[in-house]
Amino acid sequence: MAGYVIRRLAGMVPVVLGTTLLIFAAVYALPGDPIKALAGPGRVLSPSVEEALRERFHLDQPLWAQYGHYLGGLVRGDLGIDLQGHEVSDLVVRAWPYTLQLGLTAWAIMAVAGLALGTFAGMRQGGTVDWIVLTATTVVVGVPYFVIAYVAQILLGVNLGWFPTSGVREGWPASYLLPAAVLALFGIPELVRLTRASIIENRYADYVDTAIAKGLPQRTIVVRHILRNSLVPVVSVLGLSLGYMLSGTVLIEGIFNIPGLGYVVFNGISQQNGPVVVGVCSLLVLVYLIINLLVDIVYGLLDPRISLAGRN
């Protein structure tokens, strides 16, 4: 297992380099001049100030040199300084708790709903419940999630008044339930279908027939024998979904005005604040990769064939 973890860590290095380079190049290619934008609409910076700012943020150098400066700071744990002179790490420290609450709430909703619906559908294969669940997941997959977010915000928040529509003034859980439910919707279909398929596969296993022959209660058979053995392939989806819930919140936080990391990126893009976008996105990539590594380790412990296959 130790060798497997070391190989996975080594494999993360080119992924980090590649993704951070793509993020850096994408921000570099954005139209507009971020230094001139600092002056505000209708105002112009003096040539000396503009030149000093370009030199400070290495914007007078080619792309590869700028990326080298950024990568050197990232290795030291420095996410850089934004165009207003604030440490990006300070922005992360202030915004991270909001993203963590939103992501964990969404992940919990997704796990409970996905496992429950997948189990019900799998145990009633071909029935009405199965058809409804499969149809509903297909519809959810086909609708862009920003559309669902706006509809939920207007219908459940504005018209019915069941949830706050914006901000976090109500605290947890009131301010987080609606955006978390919308975010969870996009992990639920995959989890439901995988759980359903795994349940169907294990329903007809020999050990289930043995449990039925022993006269065990239906609940015991489902929970201890069918569901427990069906969770092994589901663990990877749950783990990767946690990484997505924590790193894929840009639009949700922007729509619901939640001041988390996604909202920081959202504002950074609109304000052409490249260091913020690059720094926060690089951090989110690292979070996703670390969670992915932990999932692989857990999966290897649940199924030793995974770690054994990595040795060959």
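**Close-up views**

R196 is buried, with a relative accessible area of 17%; buried means under 20%, exposed over 50% and partly exposed in between, for a 1.4 Å probe and protein chains only. The model is predicted: local features need pLDDT of at least 70, side-chain atom pairs count only at pLDDT 80 or more, and totals for chains, interfaces and linings use all residues. Residues are numbered from 1 along each chain as its sequence is written, and side-chain values use heavy atoms, without hydrogens or water. The side chain of R196 meets that of D130 in a salt bridge, at 2.6 Å from N to O. D130 sits in helix 6 (residues 128-142) and R196 in helix 9 (residues 188-203), so the pair links parts that are 66 residues apart in sequence. Helices are DSSP runs of H or I with at least four residues, strands are E runs of at least two, and numbering starts at the N terminus. D130 is buried too, at 3% relative accessibility. The structure holds one salt bridge (a side-chain nitrogen of Lys or Arg within 4 Å of a carboxyl oxygen of Asp or Glu). Side chains of opposite charge can pair when their charged atoms come close.

**The whole protein, built from helices.** The secondary structure comes to 15 helices and zero strands. The C-alpha trace spans about 85 × 60 × 30 Å along its principal axes. The protein has 312 residues, and 39% of them count as buried.

An unreviewed UniProt entry places the feature "transmembrane region" at residues 12-30, 98-120, 132-156, 176-194, 231-256 and 276-302. Such annotations may be inferred rather than shown by experiment. Take residues 176-194: the chain there is 84% helix and 0% strand, and the end C-alpha atoms are 27 Å apart. Residues 231-256 are 88% helix and 0% strand, with end C-alpha atoms 33 Å apart.

**The largest pocket and its lining.** The volume of the largest pocket is about 800 Å³. Its lining counts 31 residues, and F24, F57, L59, Q66 and P275 are the closest to its centre. Helix 1 (2-28), helix 3 (47-56), helix 4 (63-75), helix 13 (261-270) and helix 14 (274-302) each give at least two residues to this lining. A pocket is an open set of points on a 1 Å grid over the protein atoms alone, where a 1.4 Å probe fits, with protein on both sides within 12 Å along at least five of seven lines; lining residues have an atom within 4 Å of a point.

**A nonpolar patch on the surface.** F146, V147, Y150, V151, L155, L160, W162, L251 and F266 form the patch, with about 840 Å² of accessible area together. Patch residues have over 30% relative accessible area and no salt bridge, and nonpolar side chains are joined within 5 Å. Helix 7 (residues 145-159) supplies the largest share, five residues. Y150 lies in helix 7. Y150 is partly exposed, at 44% relative accessible area.

**A cis peptide bond at P173.** W172 and P173 are joined by a cis peptide bond, with omega about 5 degrees. P173 is placed in the loop between helix 7 and helix 8 (174-184).

**A positive phi at N257.** N257 is not a glycine, yet its phi is positive, about 55 degrees. N257 stands in the loop between helix 12 (250-255) and helix 13. N257 is partly exposed, with a relative accessible area of 31%.

**A108 and L238.** The C-alpha atoms of A108 and L238 are separated by 9.8 Å, while the two residues are 130 residues apart along the chain. A108 is found in helix 5 (residues 88-123). A108 is partly exposed, at 38% relative accessible area.

**A211 and I221.** A211 and I221 are ten residues apart along the chain, with 6.6 Å between their C-alpha atoms. A211 lies in helix 10 (residues 206-213). A211 is buried, at 3% relative accessibility.

**Y67 and V5.** The C-alpha atoms of Y67 and V5 are separated by 29 Å, and 62 residues part them along the chain. Y67 belongs to helix 4. Y67 counts as buried, at 11% relative accessibility.

Notes
Patch = residues over 30% accessible without salt bridge, like charges linked within 9 Å, V, L, I, M, F, W, Y side chains within 5 Å. Areas by Shrake-Rupley, 256 points an atom, 1.4 Å probe, with all protein chains shown as cover. Points joined across faces, edges and corners; volume = space filled by probe spheres on them.
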